[in-house]
Amino acid sequence: MGEDYLSKRNKIYRSKKKLNDIKEELTYPYSFAMYCGDTAPLTTKGKEILNQVDNEDVEAFRMMVRSISPEVQAYGVLGMELLEKREVHLLPFDRWLVQHLKKRDADVVICSGCIDGIVTKLYSK
């Protein structure tokens, strides 16, 4: 059953995930948070994402949106959207995948202020 799911998923996402990747990527140990804490400083991951945007690292975001982890996908969606605002060339499939993920709107673990571990949908708010 897992292999059938993975085969279908790989076709949709144009990826080459293996069964081992499911376990590894679903145990991603971080929440989605660009800013966190009382004064809302950039998180370490937030700084990394903005640095990748500054470097126009489209490939890094392509890998993120293909992740099995919804939190990693959320970083990828954000990165792709920031690149698009800067008029960095994205492939039609990149834009389609971003819209697909936003429409799917999977539950994501986030940090909000000083509260971590909140499970919410990011795009239907």
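Arg-9 lies over the face of Tyr-13, at 4.0 Å from the ring centre, where a charge counts as sitting over a ring if NZ of Lys or CZ of Arg is within 6 Å of the ring centre and within 35 degrees of the ring normal. The model is predicted, so local features need pLDDT of at least 70 and side-chain atom pairs count only at pLDDT 80 or more, while totals for chains, interfaces and linings use all residues. Residues are numbered from 1 along each chain as its sequence is written, and side-chain values use heavy atoms, with hydrogens and water left out.

**Aromatic rings**

- A search of the whole structure finds two aromatic pairs, a pair being rings of Phe, Tyr and Trp (its six-membered ring) with centres within 6.5 Å, called stacked if the planes are under 30 degrees apart, edge-to-face if over 60 and tilted for the rest.
- The rings of Phe-32 and Tyr-75 are tilted, because their centres are 4.7 Å apart and their planes stand at 50°.
- Phe-32 lies in the loop between helix H2 (19-26) and helix H3 (44-54) and Tyr-75 in helix H5 (residues 70-85), so this pair ties together parts that are 43 residues apart in sequence; helices are DSSP runs (H or I, at least four residues) and strands likewise (E, at least two), numbered from the N terminus.
- Phe-32 and Tyr-75 are buried, that is, under 20% relative accessible area, with exposed meaning over 50% and partly exposed in between (1.4 Å probe, protein chains only).
- The charged end of Lys-45 sits over the ring of Tyr-75, 5.6 Å from its centre.
- Phe-93 and Trp-96 form a stacked pair, since their ring centres are 5.6 Å apart and their planes at 25°; both residues lie in helix H6 (residues 92-104), three residues apart, about one turn of the helix.
- Phe-93 is buried, with a relative accessible area of 12%, whereas Trp-96, with 42%, is partly exposed.

**Strand pairing**

- Strand S1 (residues 107-112) and strand S2 (residues 115-121) run antiparallel and are joined by six bridges, where pairing requires that DSSP finds at least two bridges between the strands.
- Asp-107 has Lys-121 in S2 as its bridge partner.
- S1 and S2 form a hairpin with two residues between them, and Gly-113 in the turn has a positive phi of about 65°.
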